[in-house]
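Visitor: I would like to go through this model slowly and ask, for each label you use, what it rests on. Could we begin by looking at the sequence and the structure together?

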Amino acid sequence: MEIFVVTFGHEFAIEISNQEPILEIKRKVEQFIGIPVESQALSIYGCELVDGLDMEDYEFISEGSRIDLSINQIIAPPILNLQTASKIPITVKFSGRQINVEVDITETVRGLKEKIQTIDGTPMQGMSLFHSGVELGDDCRNLSEFGIGEFSKVIVFVKTKSRVSDSPWRNVSFVVQTSSSLLNAACIPMEMKDSTTVGDVRELLLAGKVLPDDDYLFIHKQRIMRDKCSLRWHGVENGDFLYVFKGTVSPGEY
């Protein structure tokens, strides 16, 4: 299967097998971008991958998962074996449509908003941009600081002045996937308004006895979801999966 390793604001794909040792994956990373195995720390959802284990020991890693690579010691950032052109293509998604936009690797959030306004006509003042459930809330920061690279998807929400005829919310269909340690890896299809909070989803599953009473983490696109934030805030789209694991998280760990 193919996974993506994310580091220094870039990501690259490598092919692995379910039985592949973590140490062998680090060797592939070393061959690809030159970072020594002993300097690598691979993690997902904040959980470091242990050298003595295999990929099959991490059941929540699947096709297309993104693994974070950090460096255990201070070394000069390597020259990545990636596309060297300064321009990269990304996809900008609206409700019911999408456009392709070419941005510079040093583009700011404001610069992207200006391009969207020029191409699509959407006013900058009403835009809220999200990537992987995180709002691009600082117009002066570079897109790469939010993990945006080649072929990334940015979701646009447009703040509208309240009019009775225009509802800002819509229904979204998604699947809740539990880990095998909970309910034998059950898949629960759900459809709710995207104004629904993660806490509301949790309570509904608990009330219906779909989940036993316990503390749970909800994961969407490799990011821990916040109980008080809506599905829309997290960028949940039709067909997305929400993964459920036992556990709790402190506010500083989001």
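The conversation below takes up the model itself, then a pocket, a helix, some salt bridges and a few backbone angles.

Visitor: What kind of model is this, and which residues and atoms count?

Guide: This is a predicted model, in which local features need pLDDT of at least 70 and side-chain atom pairs count only at pLDDT 80 or more, while totals for chains, interfaces and linings use all residues. Residues are numbered from 1 along each chain as its sequence is written, and side-chain values use heavy atoms, with hydrogens and water left out.

Visitor: Why is the largest pocket called a pocket, and what is its volume?

Guide: A pocket, on a 1 Å grid over the protein atoms alone, is an open set of points where a 1.4 Å probe fits, with protein on both sides within 12 Å along at least five of seven lines. The volume is the space filled by probe spheres set on the points, which are joined across faces, edges and corners, and for the largest pocket it comes to about 1,300 Å³.

Visitor: What makes a residue part of the lining, and which residues lie nearest the centre of the pocket?

Guide: A lining residue has an atom within 4 Å of a point, and 41 residues line the largest pocket, with Arg-66, Ser-132, Lys-221, Gln-222 and Arg-223 lying nearest its centre. At least two lining residues come from each of β1 (2-7), β5 (66-71), β10 (153-158), β14 (223-224) and β15 (240-246), and β15 gives the largest share, three residues. These elements are called strands because they are DSSP runs of E of at least two residues, whereas helices are runs of H or I of at least four, both numbered from the N terminus.

Visitor: How do the residues of the lining divide into nonpolar, polar and charged?

Guide: There are 14 nonpolar, 14 polar and 13 charged residues in the lining. Here Ala, Val, Leu, Ile, Met, Phe, Trp, Tyr, Cys and Pro count as nonpolar, Asp, Glu, Lys and Arg as charged, and the others, Gly among them, as polar.

Visitor: Which residues of helix α4 are buried, and how do you know that they are on the same side?

Guide: In α4 (residues 198-207), Val-198, Gly-199, Val-201, Arg-202, Leu-205 and Leu-206 are buried. They cover an arc of only 160° around the axis, and so they are on the same side of α4; the arc is that of the directions from the helix axis to the C-beta atoms. The buried residues of α4 pack against β11 (171-178), β12 (187-193) and β13 (216-220), where contact means heavy atoms within 4.5 Å.

Visitor: Why does Gly-199 count as buried?

Guide: Buried means under 20% relative accessible area, exposed over 50%, and partly exposed in between, with a 1.4 Å probe and protein chains only. Gly-199 has 14% relative accessibility and therefore counts as buried.

Visitor: Why is the contact of Arg-202 with Asp-227 called a salt bridge?

Guide: A salt bridge is a side-chain nitrogen of Lys or Arg within 4 Å of a carboxyl oxygen of Asp or Glu, and the closest N and O atoms of Arg-202 and Asp-227 are 2.4 Å apart, so the pair qualifies. Arg-202 lies in helix α4 and Asp-227 in the loop between β14 and β15, so the pair ties together parts that are 25 residues apart in sequence. Arg-202 is buried at 11%, whereas Asp-227, at 31%, is partly exposed.

Visitor: What makes Arg-170 and Glu-237 a pair that links distant parts of the chain?

Guide: The side chains of Arg-170 and Glu-237 meet in a salt bridge at 3.2 Å, N to O. Arg-170 is in the loop between β10 and β11 and Glu-237 in the loop between β14 and β15, 67 residues apart. With 24% relative accessibility Arg-170 counts as partly exposed, while Glu-237, with 16%, counts as buried. Both residues also belong, with Asp-194, to a network of salt bridges.

Visitor: How far apart are Glu-24 and Arg-27 in helix α1?

Guide: Glu-24 and Arg-27 are three residues apart in α1 (residues 22-33), and therefore separated by about one helical turn. Their closest N and O atoms are 3.2 Å apart in a salt bridge, which is one of 13 found in the whole structure.

Visitor: Where are Phe-151 and Lys-221 found, and what is the phi of each?

Guide: Phe-151, in the loop between β9 (134-135) and β10, has a positive phi of about 70° although it is not a glycine, and at 58% relative accessibility it counts as exposed. Lys-221, in the loop between β13 and β14, has a positive phi of about 55° although it, too, is not a glycine; at 38%, Lys-221 is partly exposed.
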